[in-house]
Structure formats: structure tokens, C-alpha cells
Amino acid sequence: MMKKIAILASGNGTNAENIIRYFRGRGTAEVSLLLTNRSTAYVLQRAASLHVPACAFTKEEWADGQKPLEALRAQGIDFVVLAGFLARVPDNVLHAYPGRMVNIHPSLLPKFGGKGMYGDRVHQAVIEAGETESGITIHYTNEVYDEGVVVCQYHCPVLPGDTPETLAQRVHALEYEHYPRVIEELVQALD
């Protein structure tokens with residue numbers, strides 16, 4: 001039976017769109033729902049254009065977690081994927097999907113992770129620290145930002161003269177190439 005995936009996203013949604021398109025017609029899983037904590041997030045327009053049901057929640061609704069959990073259950077979601085989602089996942093949602101919720105982070109954790117470390121902030125910190133490589137970390141989600149069990153990491157160089165924007169391009173390429181495939185492998189391993 002085909003597994004159902006929900007994506008949690010807060011912003012532009014390029015990773016969300018990439019994941020949705022990846023699973024179209026594959027027969028292994030489908031993206032059945034998109035949830036966001038920002039009613040103005042552009043990812044809602046992407047979801048609509050790709051005919052994926054979406055729900056936006058207020059800050060209070062998200063923090064409580066009950067309405068998001070009801071939306072996930074109503075769609076029969078098997079697996080949850082964070083893709084540029086900047087809010088903490090409420091405990092009741094986390095506990096409903098043990099070992100079935102992953103996140104992607106734009107650095108090689110445990111370096112440059114934690115609350116407030118996202119997007120260009122991460123890339124700027126990597127460059128300022130003089131790192132010679134960066135990359136992505138795909139990890140299970142738990143109660144602490146970026147501290148869940150690591151599933152895998154993919155690396156790219158930090159080049160002399162890099163800016164947060166140029167480093168972000170290489171990191172995004174890794175995200176687009178690897179995240180959907182890793183999600184598929186994890187979903188296929190579910191009971």
C-alpha cells in the first residue's frame with residue numbers, strides 16, 4: 001500500500017516542491033498534505049499549483065499541536081518530512097510519529113545547528129569559522145532543534161571567496177539531489 005507523506009514548511013518551499021515532484025508517479029509514496037505555520041508562506045502557492053492539500057495554522061494553533069495532529073490523522077499520514085520548517089514541532093505531534101519524522105539541516109551537524117540556525121545564518125557561520133567543507137544532514141526529529149539521530153550526511157567544499165549565497169547554491173544542490181531519495185528509502189523501510 002502506498003505510504004502517505006506530509007511536508008512541514010515555513011517559507012518559499014523549493015525543497016517541498018522538489019519532494020512533491022519526486023514522488024509523483026513513483027508508486028512508493030505520495031505527498032498527501034502540506035502544513036505550515038505561516039499563512040503568508042509561498043509554499044502554500046506551490047502546494048496549490050501542485051494540487052496538494054495544505055493547511056496553515058496560527059502560532060497558537062501550532063504551539064498547541066492539536067489541530068495539526070488532527071489534520072495529519074485525517075489524511076492518514078504515515079511519515080512527516082520537515083523542509084524549511086522553522087518552528088519547533090509540538091510534543092504531541094512528535095510523539096504521534098516516533099521514528100517517522102525527519103528534518104534536513106544545511107550544515108554537517110552537530111556543527112552550526114540549534115535554534116536560530118537556518119538558511120544564510122548557517123552558511124555565514126560556516127564561512128566565518130573557516131570551515132573547508134559543509135553540506136547537509138538528514139536526521140530524525142526530536143524535542144531539541146537539530147539533535148535527532150543522524151540518518152546521513154552529504155558534503156560539499158567551502159571555497160575561498162564563498163559568500164553565504166554561493167555556498168547555499170552548493171548546499172541546495174545536495175538537498176535537491178539527496179533528500180527525496182533518502183525519504184523514499186526511509187518510507188520503504190516502514191513496516
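His139 is located in strand S6, strands being DSSP runs (E, at least two residues) and helices likewise (H or I, at least four), numbered from the N terminus. The structure is a predicted model, in which local features need pLDDT of at least 70 and side-chain atom pairs count only at pLDDT 80 or more, whereas totals for chains, interfaces and linings use all residues. Residues are numbered from 1 along each chain as its sequence is written, and side-chain values use heavy atoms, with hydrogens and water left out. With a relative accessibility of 1%, His139 counts as buried (under 20% relative accessible area; exposed is over 50% and partly exposed in between, with a 1.4 Å probe and protein chains only). Residues up to four places away in sequence aside, the contacts of His139 (heavy atoms within 4.5 Å) include Met101, Val102, Asn103, His105 and Leu109, as well as Asp146, Gly148, Val149, Val150 and Val151.

Seven strands form an open sheet with mixed pairing, in the order S3-S2-S1-S4-S5-S6-S7; two strands pair if DSSP finds at least two bridges between them. Strands S3 (54-56) and S7 (150-157) are at the edges and have a single partner strand each, so one side of each lacks a neighbour in the sheet. On average, neighbouring strands of this sheet are turned by 20° against each other, direction ignored. Angles run from 0 to 180 degrees between N-to-C directions, and axes are lines fitted to C-alpha atoms, for helices over the stretch in contact. The pairing of S1 (residues 3-8) with S4 (residues 79-82) is parallel and spans four bridges; within it, Ile7 has Val81 of S4 as its bridge partner. Helix H7 (residues 164-188) lies across S1, S2 (29-36), S4, S5 (101-105), S6 (133-140) and S7, and runs at about 155° to S7.

In helix H4 (residues 66-74), the residues Pro68, Leu69, Ala71 and Leu72 are buried. Viewed down the axis of H4, the buried residues fall within an arc of 160° and therefore line one face of the helix, the arc being that of the directions from the helix axis to the C-beta atoms. Arg73 and Ala74, on the other side of H4, are exposed. The buried residues of H4 pack against S1, S2, S3, S4, helix H3 (59-64) and helix H5 (91-96). Gly76, which follows H4, has a positive phi near 65°.

Zero disulfides (pairs of cysteine sulfur atoms within 2.5 Å) are found in a search of the whole structure. Cys156 is in no disulfide, and the nearest cysteine sulfur, that of Cys152, is 14 Å away. Cys156 counts as buried at 7% relative accessibility, whereas Cys55 is partly exposed, with a relative accessible area of 26%.
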